[in-house]
Amino acid sequence: MIPSILLGTANIPNDGGVLRLTQRGNDFSIHLQGLRGELMNSRVHSSELALAELGCAHIKGRENTKVLVGGLGMGFTLAAALKATSISSQVLVAELVPEVVEWNKGPLGECADKPLDDKRAEVYVGDVADLFKTEQATYDAVLLDVDNGPEGFTQADNNNLYSIESLRAIGQTLHPDAVLAIWSAWHDPKFTQQLKKAHFDVEIKTVRAHKGKGSRHTIYLAKKR
Ligand SMILES: C[S@@+](CC[C@H](N)C(=O)[O-])C[C@H]1O[C@@H](n2cnc3c(N)ncnc32)[C@H](O)[C@@H]1O
């Protein structure tokens, strides 16, 4: 059996616990220490790519767009967002855990072909929620994959991110035809209602976890009404 090697650990801000980065053969895993489970495995990443492909489809070929990705993880969504947007566009990625950014500058960066090296990529080290405090329309797409679904998993504070107030605040930072795309390991009809109450029209996409196979994940595509 191929052994699992611990490459690093990191404290999640706000007493969120400990993140562990491990490698088994060519596969990397980021998981929460203890019984909380896996946040991400490099072996399975088709739905992380789909998040950006679906969330940026409306800006294909458009110049000077701005996309926000929350969080970095293994960089798959960031890489797909860079691929889906024009060379004059910018992609800002918010990552809560500074070590995750460092891991991506090291061996983990190979997973998604080092998207942080792209000049169009910018990193905000901190809580993605900080970027929704402005009321200025800034983004053409916001792609959120910070938990396993619309409830706090990485840190309890993330629960606030999916509240009606927070969704409305996110809406304020979007240009009129922008898309808010949210990744989830399950479909939660109550969250669709929540988005609607926050004045979004919602489309639900079901995507497979790995090259048309494996678990079914949900991507909520929300447009401001
Ligand atoms: C499931 S992973 C993201 C996977 C990513 N889509 C990819 O393609 O690899 C979740 C990431 O979000 C980060 N994160 C969690 N809460 C966050 C927050 N409030 N703000 C910014 N990043 C956050 C985690 O540290 C982790 O790196």
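A polar contact is a pair of N or O atoms within 3.5 Å. That cut-off is used in the second stop of this tour, which goes through a predicted model.

Stop 1: Select the ligand. It sits in the largest pocket. Now show the residues around the ligand: there are 23, and those that come nearest are Met74, Thr77, Glu95, Val128 and Asp145. Colour this shell by class, and 11 residues come up as nonpolar, 8 as polar and 4 as charged. Next, switch to the cartoon view and find strand S4 (37-41), helix H2 (76-84) and strand S6 (90-95). Each of these elements supplies at least two residues of the shell.

Stop 2: Which backbone atoms lie close enough to oxygen atoms of the ligand to count as polar contacts? Select Gly75 and look at its backbone N and O: one of these atoms is 3.3 Å from a ligand oxygen, which is a polar contact because the pair lies within 3.5 Å. Move to Gly73, where a polar backbone atom lies 3.2 Å from an oxygen of the ligand. Then select Thr77; here the distance from a polar backbone atom to a ligand oxygen is 2.9 Å. On its own the ligand has 610 Å² of accessible area, and the protein covers 99% of it.

**Stop 3: two backbone details.** Select Gly70 and Gly71. The peptide bond from Gly70 to Gly71 is cis, with omega near -10 degrees. Gly71 belongs to the loop that runs between strand S5 (66-70) and H2. Now go to Asp113, in the loop between helix H3 (98-105) and strand S7 (121-125). Asp113 is not a glycine, yet its phi is positive, at about 60 degrees.

**Stop 4: aromatic rings.** The model has 2 aromatic pairs. Select Tyr162 and Phe191, which form an edge-to-face pair with 6.0 Å from centre to centre and 80 degrees between the planes. Where in the chain are the two residues of this pair? Tyr162 is in the loop between strand S8 (139-144) and helix H4 (164-172), while Phe191 is in helix H5 (residues 189-197). The two are 29 residues apart, and the pair links distant parts of the chain.

Technical notes: Residues are numbered from 1 along each chain as its sequence is written. This is a predicted model: local features need pLDDT of at least 70, side-chain atom pairs count only at pLDDT 80 or more; totals for chains, interfaces and linings use all residues. Side-chain values use heavy atoms; hydrogens and water are left out. A residue is near a molecule or strand if one of its heavy atoms lies within 4 Å of it. A polar contact is a pair of N or O atoms within 3.5 Å; within protein, one must be able to donate a hydrogen and the other to accept it, and residues adjacent in sequence count only if both atoms are side-chain atoms. Accessible areas come from the Shrake-Rupley method with a 1.4 Å probe; for residues, only the protein chains shown count as cover. On a 1 Å grid over the protein atoms alone, a cavity is a set of points where a 1.4 Å probe fits but cannot get out, and a pocket is an open set with protein on both sides within 12 Å along at least five of seven lines; lining residues have an atom within 4 Å of a point. A molecule sits in a cavity or pocket if more than half of its atoms lie within 2 Å of its grid points. Helices (H or I, at least four residues) and strands (E, at least two) are DSSP runs, numbered from the N terminus. Ala, Val, Leu, Ile, Met, Phe, Trp, Tyr, Cys and Pro count as nonpolar, Asp, Glu, Lys and Arg as charged, and the others, Gly among them, as polar. Rings of Phe, Tyr and Trp (its six-membered ring) pair if their centres lie within 6.5 Å; planes under 30 degrees apart count as stacked, over 60 as edge-to-face and the rest as tilted.
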